[in-house]
Amino acid sequence: MRNIMKISVVYCLFMAFLLSGCSKQDTKVVNVLNWSSYIPDSVIRSFEKETGIQVNYSTYSSNEECLAKVSSAKKGTYDLIFPSDYMIEIMIKREMLELLDQTQLQNVGNLDTFYLNQSFDPGNRYSLPFVMASTVIAVNRDYISDEIISYQDLLNEKYYNNITLIDDQRIIIGMALLANGYDMNTTDEEALEVAKDWLLQLKPNIKAFDSDSPKNFLVTEEADIAVLWNAEAALAYQENNNIEFIYPKEGSALSMDNFAIPKGAKHQSEAYQFIDYILRADVMKKIIESYPYKNVNQATQTLLGTDYLYNIASNIPASIIESGFYVENIGESVKLYDKLWAEIK
């Protein structure tokens with residue numbers, strides 16, 4: 001009798017082991033690498049509940065960090081990434097991205113055609129737009145009454161230790177170049193030397209470099225001025241209606257972040273399902289309401305309220321886009337920017 005009981009226990013344990021192994025194999029997953037503060041947790045949880053696909057979500061704070069993580073990781077580590085325009089071009093040239101099969105996306109028609117077929121990926125063979133962003137100067141008018149219309153105004157000695165900047169070398173060096181009348185993508189060494197001198201002059205006024213959540217410095221009143229992305233400015237405004245948005249007269253840096261599938265992704269079917277879910281009008285509405293970047297989904301635009309549509313920080317005006325500048329791929333010349341950035345920080 002005891003032997004029978006032992007056999008039964010062993011059998012039950014063996015079956016439990018087999019079942020647990022099967023359940024792990026049957027679990028569908030998608031490994032996402034994205035910017036921080038881009039997709040609310042509620043959207044991810046809803047996707048998991050609706051599809052049964054588990055989302056493993058990790059983040060980066062710059063395009064260069066995204067490139068480094070994907071390059072150094074074992075092939076197949078990530079299934080979906082969200083690089084910006086020039087980084088898409090770099091990854092295409094390095095053969096790091098899969099060709100997109102748009103036939104797997106029922107909701108791709110929701111995208112506004114204005115944002116398709118960009119120069120960094122003609123025909124959208126490797127990427128599709130997710131959101132658009134622009135830099136903006138945000139000023140807490142509770143404490144700053146000066147007129148600020150230009151990057152040059154940030155050099156005012158009154159702003160000592162009172163300005164927060166995005167921690168992004170191409171954006172901030174680009175700002176310095178624009179402030180001095182140069183192309184923000186120039187590789188001219190004399191122009192870059194002028195930009196370095198300008199940033200060194202600005203440095204005493206810089207409180208912090210922060211790309212994860214620069215708005216917090218405004219909200220907590222640790223800094224009264226910030227150069228940050230438009231959605232961060234819009235979120236800061238929700239906390240304090242005396243925060244003003246200023247698009248500088250020299251022009252703003254623009255960024256279009258995109259869906260892309262890394263070469264060798266192991267869960268491509270799940271990645272397509274996640275992309276298609278986000279492209280739904282109702283889902284994108286939740287994302288834009290949480291992180292109010294420029295919406296590129298025309299089906300969502302009709303669902304957004306006046307708080308978004310008439311807010312020039314979130315719904316970037318067409319004139320700002322027309323006068324703005326995208327970061328461009330400058331190849332090996334990026335080393336000049338790397339060197340300059342190391343001298344500034």
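**View 1. Helix α5 is wrapped up by the rest of the structure.** In this predicted model, 11 of the 11 residues of helix α5 (residues 169-179) are buried, so the helix is largely enclosed by the rest of the structure. Buried here means under 20% relative accessible area. Among these buried residues you can pick out Q169, R170, I171, I172 and I173, and the list also includes M175, L177 and L178.

View 2. After the helix comes G181, which has a positive phi, near 85 degrees.

View 3. The chain is divided into domain 1 (29-132 + 256-313) and domain 2 (133-254 + 325-344). Their centres, taken over C-alpha atoms, are 26 Å apart. To the contact, domain 1 brings 20 residues and domain 2 brings 18 residues. About 1800 Å² is buried between the two domains, with carbon and sulfur atoms giving 55% of that area. Look for Y86, M132 and A313: they supply 30% of the area that domain 1 buries against domain 2, more than any other three residues.

**View 4. A closer look at the interface.** Which contacts cross from domain 1 to domain 2? The rule finds three residue pairs in polar contact and zero salt bridges. On the side of domain 1 that touches domain 2, the elements giving two or more residues are α4 (85-93) and β4 (128-140). Helix α4 gives the most, with five residues. By class, this side of domain 1 has 10 nonpolar, five polar and five charged residues.

Conventions. Residues numbered from 1 in each chain as written. Predicted model: local features only at pLDDT ≥ 70, side-chain atom pairs only at ≥ 80, totals over all residues. Heavy atoms only, no water. Buried < 20%, exposed > 50% of the residue type's maximum accessible area, 1.4 Å probe, protein only. Helix = DSSP H or I, 4+ residues; strand = E, 2+ residues; numbered from the N terminus. Domains from an automatic or database assignment. Contact = heavy atoms within 4.5 Å. Buried area = accessible area lost by both parts, 1.4 Å probe. Salt bridge = Lys/Arg side-chain N within 4 Å of Asp/Glu carboxyl O. Polar contact = N/O pair within 3.5 Å; in protein donor to acceptor, adjacent residues only side chain to side chain. Nonpolar A, V, L, I, M, F, W, Y, C, P; charged D, E, K, R; others polar.
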